[in-house]
Amino acid sequence: MWENYWFKIFHRWRSCSLACPVEKPHHRHVFWSWFGSFLAISICAYLTMETNSPLLMAPFGATSVLIFGAPDSPLAQPRNVIGGNVLGALVSLTLLHFFGASPLVIGMAVSLTIGITQLTGTLHPPAGAVALVVMLTSSPP
């Protein structure tokens with residue numbers, strides 16, 4: 001187990017054939033990933049400040065990593081990004097409305113989001129964070 005861990009930490013996986021998870025990206029891809037995420041998050045932040053509306057939240061940073069850093073990932077596709085985030089918000093808002101924000105309901109919001117997005121084919125890891133943020137930013141009853 002430790003050998004595999006250190007193998008990946010020190011980038012020795014680049015010399016393997018089948019076990020290699022990902023090749024190091026080309027510098028052009030790194031630039032466009034940086035530029036795209038910079039532009040998207042900056043625009044959201046600007047609109048948040050100008051409209052005084054909460055249009056930006058922490059899970060969008062993770063979504064940016066997926067969309068711009070790993071655009072070919074199945075979890076970064078438009079269906080997953082939009083559907084996963086919308087379902088995560090709907091699940092958490094529904095649970096919050098009916099049951100409040102107790103620790104068990106917070107756990108239920110994240111786990112239901114995972115289950116529903118798996119069943120609908122819209123699994124998107126930051127959607128779990130959306131559900132968590134909605135529950136944690138609610139006013140106490």
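Contact here means heavy atoms within 4.5 Å. I'm working from a predicted model, where local features need pLDDT of at least 70, side-chain atom pairs count only at pLDDT 80 or more, and totals for chains, interfaces and linings use all residues. Numbering starts from 1 along each chain as its sequence is written, and side-chain values use heavy atoms, with hydrogens and water left out.

**α4 against α6**

On the α4 side I noted Gly84, Asn85, Gly88, Ala89, Ser92, Leu93 and Leu96, which meet Pro126, Ala127, Val130, Ala131, Val134 and Met135 of α6.

**α5 against α6**

Next I checked helix α5 (residues 103-120), which packs on α6 at about 155°, axes 8 Å apart. So α5 is roughly antiparallel to α6, the term for angles over 145 degrees. From α5, Val105, Ile106, Ala109, Val110 and Thr113 meet Ala127, Gly128, Ala131, Leu132, Met135 and Leu136 of α6.

**Thr63**

Last, I looked at Thr63, in helix α3 (residues 59-69). Thr63 is buried at 7% relative accessible area (buried is under 20%, with a 1.4 Å probe and protein chains only). Beyond neighbours within four places in sequence, Thr63 is in contact with Val81, Asn85, His124 and Pro126.

Technical notes
Helix = DSSP H or I, 4+ residues; strand = E, 2+ residues; numbered from the N terminus. Buried < 20%, exposed > 50% of the residue type's maximum accessible area, 1.4 Å probe, protein only. Axes fitted to C-alpha atoms, helices over the stretch in contact; angles between N-to-C directions. Parallel < 35°, antiparallel > 145°, perpendicular 65-115°, else oblique.
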